Amino acid sequence: MSSSYLFASILTLQIFLSSSFFQAAAENSRLFREYIGAEGKNVTFTDVPINPAVDFHFILSFTIDYTSSSPPRPTNGDFGAYWDTENLSPSQVSYVKAHHPNVKVAMSLAGDTVNDHRVFFEPASINSWVRNAISSITRIVKEFDLDGIDIDYEHFSADPDTFAECIGRLLYYLKQNEIVSFTSIAPYEDDSVQPHYLALWRKYGHLIDYVNFQFYAYKKGTTVSEFMRYFEIQSANYYGGKILVSFGTDGSGGLSPKNGFFRACSMLRDQGKLHGIFIWSADDSKEANFPYETQSQDFLTSMI
Ligand SMILES: *[C@@H]1O[C@H](CO)[C@@H](O)[C@H](O)[C@H]1NC(C)=O
């Protein structure tokens, strides 16, 4: 091997290494997201500490396609606002956005329950569900001046392909017409849940900006190494997606800050895979005055 060939090879290797390092480093982000408004705790946007150096997304929880009657009835894609709209009103959205230029506000579709009844994804047909969802979601987004939507159906009476088609067409319309500027999904590891989100990801993943994976739905006492393995499994499932890490402040499962959540975040950041952190939920964090919201945002803005 000639020395000039060797020199060229080393140069190529260096360029390759530095460009892949650059790409990896660029994948880390300062995105912090938090669900808010599901639990009737009178929590407001301004209760929550907001670090000016992060990208902050509030996610209003939830907008639901059910009636508020007793018992609640599915409405085939005709959504209404079921979060605490007294404390999280259109004027409060505009106030928090005006005072914090780094804040955007989204809403999440569906959730677990409405008035203690499970919320099912239950379309009468693809076309009718999509038509109703487009008009009701567009109306609510405009009324509250929202920036994004999150998909959090957790119970299903339709198959994965129907779910993928309904949600995919909704997301396509909302993005194509610039009704929202970002979208996310909130799956968790469960045999009755994942196939729906994976079908959606396969066909319409290019329309989904973030995967709010519910790592707090794993067992309590999850260790750092288990968490790192779960992260790799879900990164393979949602290949090419921005998988955000998460924990709950409601006493749910997963890897808690006390058990090493931020250690896991450091490892992911070293690997260039820390796409952001989200917390369920502001309502649950209010009583303790949001220590983990502060810590998460401090972590995201620290250089170590
Ligand atoms: C929330 O506010 C309402 C109206 O002011 C009050 O009746 C209710 O007790 C409050 N709930 C909590 C949990 O603070």
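A pocket is an open set of grid points where a 1.4 Å probe fits, with protein on both sides within 12 Å along at least five of seven lines. Its volume is the space filled by probe spheres set on the points. The model examined here is predicted. Two of its pockets are described below.

The largest pocket holds about 410 Å³ of space. Its lining is made up of 22 residues. Ala38, Glu39, Phe62, Asp112 and Trp280 lie nearest the centre of this pocket. Two elements give two or more residues to the lining: strand E2 (55-64) and strand E5 (113-114). The largest share comes from E2, with 3 residues. By residue class, the lining of the largest pocket comprises 10 nonpolar, 6 polar and 6 charged residues.

The second largest pocket contains about 280 Å³ of space. It is lined by 20 residues. Closest to its centre are Gly248, Thr249, Gly251, Pro257 and Tyr292. Strand E12 (243-248), helix H8 (282-285) and helix H9 (291-301) each supply at least two residues. H9 gives the most, with 3 residues. The lining of the second largest pocket divides into 6 nonpolar, 10 polar and 4 charged residues.

The composition of each lining can be set side by side. In the largest pocket, 10 lining residues are nonpolar and 6 are polar. In the second largest pocket, 6 are nonpolar and 10 are polar.

Conventions. Residues are numbered from 1 along each chain as its sequence is written. This is a predicted model: local features need pLDDT of at least 70, side-chain atom pairs count only at pLDDT 80 or more; totals for chains, interfaces and linings use all residues. Side-chain values use heavy atoms; hydrogens and water are left out. On a 1 Å grid over the protein atoms alone, a cavity is a set of points where a 1.4 Å probe fits but cannot get out, and a pocket is an open set with protein on both sides within 12 Å along at least five of seven lines; lining residues have an atom within 4 Å of a point. Helices (H or I, at least four residues) and strands (E, at least two) are DSSP runs, numbered from the N terminus. Ala, Val, Leu, Ile, Met, Phe, Trp, Tyr, Cys and Pro count as nonpolar, Asp, Glu, Lys and Arg as charged, and the others, Gly among them, as polar.
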